[in-house]
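This briefing accompanies the sequence and structure shown below. Please keep both in view while reading the points that follow.

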Amino acid sequence: MAGLKIEAGAISLPTSGAEVTDATFMEAGRADNSNGEFCQVRGAINPVDEKAPKILWQVNLPTHWNRKALQMGGGGYNGSIPETLTKPTLGLDNVPTPLAQGYITFASDSGHQAPNADDASFGMNDEAMLNYGFMHIKKTLDVAQYLSQSRYGSTPRRVYFSGGSTGGREGLTAAMRWPEAYDGILTNYPTASFVGLRLWGAALARAVYDDNSAGWIPPGLVNRIAADAITACDALDGAADGLVSNPEACRGRADAFIEGLRCKNGETGHPEHCLTTAQIERTINVYHNGYSLPYKLADGINDYQGYNSLEGITMQLGSQAAYREPPVSGPNAHHSSRAYEFMQSFVARRGDFSLLNFDIRNPGALKDRIVHLSEQIGATKSDWEAFRARGGKIIWVQGNDDPSVSPYVNANLYKSVVAKMGEEKVDGFMRFYLVPGLAHGGGKFSPTWDNLTALDNWVENGVPPAAPIVVDATKTATKGRTRPLCEYPTWPKYKGSGDINSASSFSCASE
């Protein structure tokens with residue numbers, strides 16, 4: 001493999017070819033290798049535009065190959081090669097890794113190199129932006145298949161994808177754009193409505209920081225809102241287990257809950273006591289209810305639903321009221337920073353862009369660019385017939401406690417697929433789970449299970465996941481507790497007796 005050149009014609013999307021830059025034989029039994037014997041191959045895909053960065057990739061070729069491959073997704077704005085020698089996202093620690101099971105495992109940095117996943121400056125270059133949006137996925141697969149052919153004399157008979165967040169979006173994108181190339185997808189809390197999410201961050205910035213940060217809520221009050229919501233809604237699922245498993249019932253109490261926190265009798269607000277009208281009508285409204293637009297993004301979408309910010313999640317509003325220019329995640333609201341990176345580098349493409357002078361409902365000359373980007377980056381279509389017809393399967397997991405991707409946005413995307421294709425067809429190829437306690441990875445309940453085996457069994461044998469049991473992997477006192485993974489729209493309800501840390505004490509209920 002060392003020094004191998006791959007001609008551009010072997011890659012189905014525009015490149016200047018690729019080459020192997022390093023190939024290392026990894027012996028079984030080495031102290032730094034728990035994956036059995038394999039060849040670790042690294043390389044680069046060269047751009048067409050000489051100003052665009054390369055796509056760096058890694059492909060692991062096991063000696064004892066099972067004739068299958070697993071592509072791994074990234075996170076944030078990417079910029080580095082994801083880990084390819086470990087378990088799938090939300091996989092079990094006590095199950096052999098995919099590579100140890102005989103899968104080719106591979107991934108890329110999505111077409112640029114950055115010190116952290118918050119850096120979106122690569123978006124100034126069209127080829128780098130399109131690579132991030134979708135092209136790197138197939139280019140990297142083509143390289144992996146070429147190396148498979150070189151090593152084994154054949155390409156994989158099954159190709160799967162696993163990822164979370166950006167990686168979850170990449171998995172859905174793979175099946176959406178190249179249904180003939182992928183057999184199964186494990187997508188976890190995906191940024192499927194990518195542009196919609198970035199616009200939500202821009203709306204939040206205006207809600208929080210307009211009028212000298214009139215909408216900013218101090219950390220003490222943010223934490224109190226989350227804690228009081230959990231106290232009020234925890235037992236709505238029948239068990240006081242620290243999880244709000246019935247957020248729909250909890251949301252029914254939201255108006256009364258927030259009114260109880262409203263400043264009264266002339267009060268003007270207190271860090272841990274009450275909420276002003278500006279804080280409620282601006283920040284709470286955007287966080288809890290989202291927004292709607294007078295124009296449409298890709299696939300007819302014109303809104304982004306809010307979060308469970310009055311049902312137990314902790315709003316990410318930053319540690320200080322003062323707005324930095326540009327905003328910085330931590331001192332400022334997390335989503336405002338991500339929105340600024342996107343608007344500056346992907347949309348406006350100029351250094352003097354100001355988030356606080358931008359109105360998502362009236363974007364002016366930027367509207368066409370925003371709509372165009374929503375067609376390039378995202379996975380919001382409702383017609384998956386081509387993928388379904390060839391036997392493809394999707395297992396989609398989303399957390400109710402996610403503060404980064406709205407669970408209601410992904411639930412609505414799933415419902416749009418059902419509305420388009422019909423429940424029977426969708427049930428034959430897609431499972432969607434909303435998990436209480438799961439944040440954007442981690443949270444109060446992090447569901448781990450042998451998800452790759454479940455996906456492979458569905459693809460190979462036509463056996464869908466049947467009430468799988470998931471194990472909490474959080475580093476808390478409740479680590480190891482179990483719950484049933486309930487198909488949407490059901491949720492785990494306590495049966496009224498039995499160990500509240502055991503899945504056997506819960507059933508999947510709809511009311």
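Predicted model: local features only at pLDDT ≥ 70, side-chain atom pairs only at ≥ 80, totals over all residues.

In which crossing, left-handed or right-handed, does H4 pass H8? The crossing of H4 past H8 is left-handed.

- Helix H4 covers residues 194-213. Its 20 residues should span 28 Å at 1.5 Å a residue, and the end C-alpha atoms lie 26 Å apart, which agrees.
- A bend of about 30° occurs in H4 at Arg206.
- Because 16 of its 20 residues are buried, H4 is largely enclosed by the rest of the structure.
- Helix H8 comprises residues 277-289, and its axis comes within 8 Å of the axis of H4. The two axes cross at roughly 165°.
- Since an angle over 145 degrees counts as roughly antiparallel, H4 and H8 are roughly antiparallel to each other.
- On the H4 side, the residues that meet H8 are Trp200, Ala203, Leu204, Ala207, Val208, Asp210 and Asp211. Their partners in H8 are Arg282, Thr283, Val286 and Tyr287.

- Helix H9 spans residues 334-348, which makes 15 residues. From first C-alpha to last, H9 reaches 20 Å, close to the 21 Å expected at 1.5 Å a residue.
- H9 is mostly covered, with 15 of its 15 residues buried.
- Arg349 follows H9 and has a positive phi, near 55°.
- His334 lies in H9. With a relative accessible area of 18%, His334 is buried, the cut-off for that class being under 20%.
- Apart from residues up to four places away in sequence, His334 touches Gln316 and Ser329.
- The axes of H4 and H9 come within 8 Å and cross at roughly 120°. H4 and H9 are therefore oblique to each other.
- H4 passes H9 in a left-handed crossing. From H4, the contact involves Phe194, Val195, Leu197, Arg198, Trp200, Gly201, Ala202, Leu204, Ala205 and Tyr209. From H9, it involves His335, Ser336, Arg338, Ala339 and Phe342.

- Met124 is placed in the loop between strand E6 (104-108) and helix H2 (126-152).
- Its relative accessible area is 40%, so Met124 is partly exposed.
- Met124 and Phe346 are 222 residues apart in sequence, yet their C-alpha atoms are 6.2 Å apart in space.
- With neighbours within four places in sequence left aside, Met124 is in contact with Gln344, Ser345, Arg349 and Arg350. One of these, Arg349, is the residue with positive phi that follows H9.

**Helices H2 and H3**

- H2 packs against helix H3 (residues 166-177) at an angle of about 60°, and their axes are 10 Å apart. H2 and H3 are therefore oblique to each other.
- The crossing of H2 and H3 is right-handed. H2 contributes Tyr132, Gly133, Phe134, His136 and Ile137 to the contact, and H3 contributes Thr166, Arg169, Glu170, Thr173, Ala174 and Arg177.

**Cis peptide bonds**

- The bond from Glu325 to Pro326 is cis, with omega near 5°. Pro326 sits in the loop between strand E10 (303-304) and H9.
- Tyr488 and Pro489 are likewise joined by a cis peptide bond, with omega about 10°. Pro489 belongs to the loop between strand E15 (482-484) and strand E16 (491-494).

**Positive phi values in loops**

- Arg67, a residue other than glycine, has a positive phi near 70°. Arg67 is located in the loop between strand E4 (55-62) and strand E5 (68-72), and its relative accessibility of 39% makes it partly exposed.
- Tyr189 also has a positive phi, near 35°, and is a residue other than glycine. The loop that holds Tyr189 runs between strand E8 (184-188) and H4. At 7% relative accessibility, Tyr189 counts as buried.

Conventions
Residues numbered from 1 in each chain as written. Heavy atoms only, no water. Helix = DSSP H or I, 4+ residues; strand = E, 2+ residues; numbered from the N terminus. Expected span 1.5 Å × (residues − 1). Buried < 20%, exposed > 50% of the residue type's maximum accessible area, 1.4 Å probe, protein only. Bend = angle between axes of the 7 residues up to and from the residue. Axes fitted to C-alpha atoms, helices over the stretch in contact; angles between N-to-C directions. Parallel < 35°, antiparallel > 145°, perpendicular 65-115°, else oblique. Left-handed = near helix turned anticlockwise from the far one by under 90°. Contact = heavy atoms within 4.5 Å.
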